[in-house]
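Here is a short briefing on one protein model. It is grouped by topic.

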Amino acid sequence: MMKSTAKIIAGLTVAGALGACSGHKPSAPPASAMAVKPQVQAGARKTHGIPPIKLPGERTVEDVLQMYGPYATSKVKSYFDKAKVGYPPREVTFVALKKEMKLELWARDSGEFRFIRDYRIRAASGVSGPKLREGDMQVPEGVYRIAGLNPNSHFHLSMKLNYPNEFDLFHAWREGRADPGTDIFIHGKAKSLGCLAMDDETIEELFVLTAHAGAENVKVVIAPHDPRTFPLKADIEGLPAWTSELYSRISREIKALSPGSKPVAAAGL
């Protein structure tokens with residue numbers, strides 16, 4: 001099915017001049033350049049208030065790791081130690097729950113995924129339902145990857161999602177939506193135009209963790225609400241017919257992390 005529409009989908013990937021969070025400039029480096037694993041300096045002092053190594057717009061991922069890495073790593077590693085998961089982990093999954101305004105951190109080393117902690121999402125514009133077009137202010141719903149780390153974001157730091165992914169592009173093509181939107185990030189500054197906005201200290205932790213684990217090893221699942229509490233149903237008027245398929249995919253991804261139960265702890269709230 002996807003092969004027959006490859007050229008059209010490829011064209012849609014470049015549609016849209018401006019994204020929902022268009023202040024994320026310059027563009028992030030490729031994911032292949034981000035699997036940085038510097039030496040951990042546990043207990044190091046946080047560097048808030050110290051001038052950046054380079055002027056904004058010139059920083060690299062390595063610069064950010066030098067500025068925020070020691071303190072952020074000491075914090076994040078303490079969560080991993082408590083969950084008995086090695087750091088840096090082999091795989092990471094972020095589960096973003098729009099209704100609950102919560103982002104869960106799951107990870108694994110050589111064993112099964114374990115719940116590490118959760119963070120408060122400070123801002124997420126839109127309502128339940130997938131993102132369909134540029135400018136609709138919707139936080140997307142689906143299963144995504146980290147496409148890049150941006151150390152020079154106007155929103156402190158940011159991590160770009162690979163929205164629109166193949167699923168999004170295929171259904172946009174079928175419905176004739178030439179501009180499904182782009183530039184969806186997890187970022188700081190606690191304000192959102194279709195992105196997941198965290199506070200600055202949180203995005204420092206998530207950014208450093210992603211750099212240490214390798215962006216290619218990080219998955220982001222975004223759901224309208226927690227399917228472990230009550231099922232995801234495409235019962236809102238106006239949702240596309242394919243939303244049920246999307247919600248089945250999202251539910252499987254989340255439930256596979258914690259079969260039979262939801263996380264009991266709410267460490268970040």
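D183 counts as buried because its relative accessibility is 18%, where buried means under 20% relative accessible area, exposed over 50% and partly exposed in between (1.4 Å probe, protein chains only). The model is predicted: local features need pLDDT of at least 70, side-chain atom pairs count only at pLDDT 80 or more, and totals for chains, interfaces and linings use all residues. Residues are numbered from 1 along each chain as its sequence is written, and side-chain values use heavy atoms, with hydrogens and water left out.

**Backbone exceptions**

- D183 is not a glycine, yet has a positive phi of about 55°.
- D183 sits in the loop between α3 and β7; helices (H or I, at least four residues) and strands (E, at least two) are DSSP runs, numbered from the N terminus.
- M101 also has a positive phi, about 50°, without being a glycine.
- The loop between β1 and β2 holds M101, which is partly exposed at a relative accessible area of 22%.
- The peptide bond from Y87 to P88 is cis, with omega near 0°; P88 belongs to the loop between α2 and β1.
- Y163 and P164 are joined by a cis peptide bond with omega about -5°. P164 is in the loop between β6 and α3 (166–174).

**Sheet**

- Nine strands form an open sheet with mixed pairing, in the order β3-β2-β1-β9-β5-β6-β7-β8-β4. Two strands pair if DSSP finds at least two bridges between them.
- β3 and β4 (123–124) are the edge strands, each pairing on one side only.
- β5 and β6 are antiparallel and share four bridges. L149 has M159 in β6 as its bridge partner.
- β6 and β7 (residues 185–187) also run antiparallel, joined by three bridges. K160 is opposite F185 in β7.

**Helix α2 and its packing**

- α2 lies across β2, β3 and β5, at about 125° to β3.
- α2 packs against α4 (residues 200–213) at about 95°, with axes 8 Å apart. Axes are lines fitted to C-alpha atoms, for helices over the stretch in contact, and angles run from 0 to 180 degrees between N-to-C directions.
- α2 and α4 are therefore roughly perpendicular (65 to 115 degrees; under 35 is roughly parallel, over 145 roughly antiparallel, the rest oblique).
- Residues of α2 at this contact include V61, Y68, V76 and F80, and those of α4 include E201, F207 and L209; contact means heavy atoms within 4.5 Å.
- By class, the contact of α2 with α4 has 13 nonpolar, three polar and four charged residues. Ala, Val, Leu, Ile, Met, Phe, Trp, Tyr, Cys and Pro count as nonpolar, Asp, Glu, Lys and Arg as charged, and the others, Gly among them, as polar.
- K77 lies in α2 (residues 61–83) and is partly exposed at 29% relative accessibility.

**Nonpolar cores**

- The largest nonpolar core has 44 residues, of which F80, F94, L103, M159 and I186 touch the most other members. Such a core is a set of buried Ala, Val, Leu, Ile, Met, Phe, Trp, Tyr and Cys residues joined through side-chain atoms within 4.5 Å.
- α2 gives this core its largest share, ten residues.
- Another core lies apart from it, with 17 residues, among them V95, A223, L239 and L246.
- Beyond its neighbours within four places in sequence, F94 contacts residues including L103, M159, L206 and V220.
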